[in-house]
Amino acid sequence: MVCNIAVIKGDGIGPEVVTEAMKVLDAVGAKYGHTFNYEQLLMGGCSIDACGEPLTDETVAKAKAADAVLMGSIGGNTSTSPWYKLPPEKRPEAGLLKIRKELGLFANLRPALLYEQLYKACPLKEEIAARGFDMLIMRELTGGLYFGKRSTTEVDGVTTAIDTLTYTDKEIRRIAIKAFDIAMKRRKKVTSVDKANVLDSSRLWRKIVEEVAKDYPEVSYEHMLVDNCAMQLVKDPAQFDVVLTENMFGDILSDEASMITGSIGMLSSASLNETKFGLYEPSGGSAPDIAGQNKANPIATILSAAMMLKFTFDLDAEGDAIENAVKKVLEEGYRTGDIMSEGGKLVGTDEMGSLIAERI
């Protein structure tokens with residue numbers, strides 16, 4: 001198979017970790033007889049530096065023409081980077097919001113898996129961590145508060161900021177269907193998270209989820225208020241399978257879920273539209289404090305590439321090969337600094353990528 005991939009290496013550690021993911025993909029191609037063609041594009045701070053804006057129309061067009069997008073993290077240090085002296089619509093993260101909208105990426109999938117080999121790195125109590133967990137946060141990505149109308153005005157002499165949270169039944173229905181479809185391939189449980197005791201948008205969310213659930217009699221489902229979910233993630237994460245929620249709640253909960261795995265550097269993500277097209281990126285940030293030092297953990301980006309093989313190209317065996325290679329390297333005791341523990345073998349970004357590629 002020939003796979004055409006738009007590559008956005010991004011900012012900070014992005015170029016380092018994406019390079020290692022490409023190394024692993026090339027190892028997959030060599031073993032399984034596939035060709036991966038890469039076209040490198042700019043987005044984020046590097047695009048601001050080169051083009052004066054975080055996302056150009058040219059990058060959008062080339063991303064749309066590809067089969068999938070593989071991306072590193074976007075942005076920099078908000079307190080010191082000159083990018084954050086720009087208006088909000090010109091900052092790096094504006095490019096991320098725009099590309100999601102332009103590509104129709106409404107479903108964000110963030111697995112949160114605690115590897116058996118890394119359970120001691122989990123910050124939770126040992127008796128909780130020892131039970132392990134394997135959940136997937138399904139976050140609606142193009143609606144809600146982040147995309148609603150906003151303004152800052154003077155009202156009776158008082159500066160007033162307004163952000164509008166809007167959802168339609170169609171937006172809720174399509175993300176709910178995605179969640180139940182994926183639950184059918186997992187442990188057949190959906191936890192729908194909302195704030196229906198306060199928000200009209202959440203009451204509509206709950207109504208539509210209940211309608212969708214009727215078409216999936218094999219899937220058990222429950223509703224959970226977002227504040228309770230935040231508590232349950234640290235009290236009993238093993239209870240969750242697929243967690244379905246709206247944009248802002250998903251943004252916060254997926255980061256919480258990522259940290260209880262021990263390191264955000266282990267967690268992949270996929271953002272999908274209504275076709276096989278997807279954008280694949282690590283869940284963590286650009287970590288400018290360690291950029292260029294060969295310290296970053298590339299595993300999240302490598303696992304994102306595995307998700308790309310499965311969701312966009314239907315290459316399940318190849319995706320499994322990457323995931324199994326990651327597990328083997330961890331079993332052999334290799335660790336980057338963020339997941340290092342007593343007795344581990346400390347390696348850098350490039351060596352970790354090479355070790356995984358060699359075990360494909």
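How many nonpolar, polar and charged residues does the lining of the largest pocket have? The model under discussion is a predicted one.

1. Composition of the largest pocket. By class, 14 charged, 13 nonpolar and three polar residues make up the lining of the largest pocket. The volume of this pocket is about 950 Å³. Its lining comprises 30 residues, and those nearest the centre are L136, I182, M307, K310 and F311.

2. Elements around the largest pocket. Two or more lining residues come from each of strand 4 (107–113), strand 5, helix 6 (169–184), strand 11 (268–272), helix 10 (299–311) and helix 11 (316–331). Helix 10 provides the largest share of this lining, namely five residues.

3. The second largest pocket. A volume of about 530 Å³ is computed for the second largest pocket. It is lined by 24 residues, with E93, L96, R100, R110 and D251 the closest to its centre. The classes in this lining number eight nonpolar, eight polar and eight charged residues.

4. Elements around the second largest pocket. Helix 4 (92–102), helix 9 and strand 12 (278–282) each contribute at least two residues to the lining of the second largest pocket. Helix 4 gives the most, with four residues.

5. The cavity. How many cavities of 30 Å³ or more does a search of the whole structure find? The search finds one. The largest cavity has a volume of about 50 Å³, and its lining consists of L165, Y167, V193, D194, L199, S201, S202, W205, E246 and F249. Strand 8 and helix 7 (200–213) are the elements that give two or more residues to this lining. Helix 7 gives the most, with three residues. By class, the lining of the cavity has six nonpolar, two polar and two charged residues.

6. The buried face of helix 8. Helix 8 spans residues 226–235, and its buried residues are V226, C229, Q232 and L233. Viewed down the helix axis, these buried residues fall within an arc of 110°, so they line one face of helix 8. The face of helix 8 turned away from the buried side carries the exposed residues M231 and K235.

7. Packing of helix 8. Against which elements do the buried residues of helix 8 pack? Their partners are strand 5 (134–140), strand 8 (189–194), strand 9 (220–225) and helix 9 (247–259).

8. Cysteines. The structure holds zero disulfides. C229, one of the buried residues of helix 8, has a relative accessible area of 1%. C3 is also buried, and its relative accessible area is 0%.

Technical notes:
Residues numbered from 1 in each chain as written. Predicted model: local features only at pLDDT ≥ 70, side-chain atom pairs only at ≥ 80, totals over all residues. Heavy atoms only, no water. Buried < 20%, exposed > 50% of the residue type's maximum accessible area, 1.4 Å probe, protein only. Arc of directions from axis to C-beta. Contact = heavy atoms within 4.5 Å. 1 Å grid on protein atoms, 1.4 Å probe; cavity = no way out; pocket = protein on both sides within 12 Å on 5 of 7 lines; lining within 4 Å. Points joined across faces, edges and corners; volume = space filled by probe spheres on them. Nonpolar A, V, L, I, M, F, W, Y, C, P; charged D, E, K, R; others polar. Disulfide = S-S within 2.5 Å.
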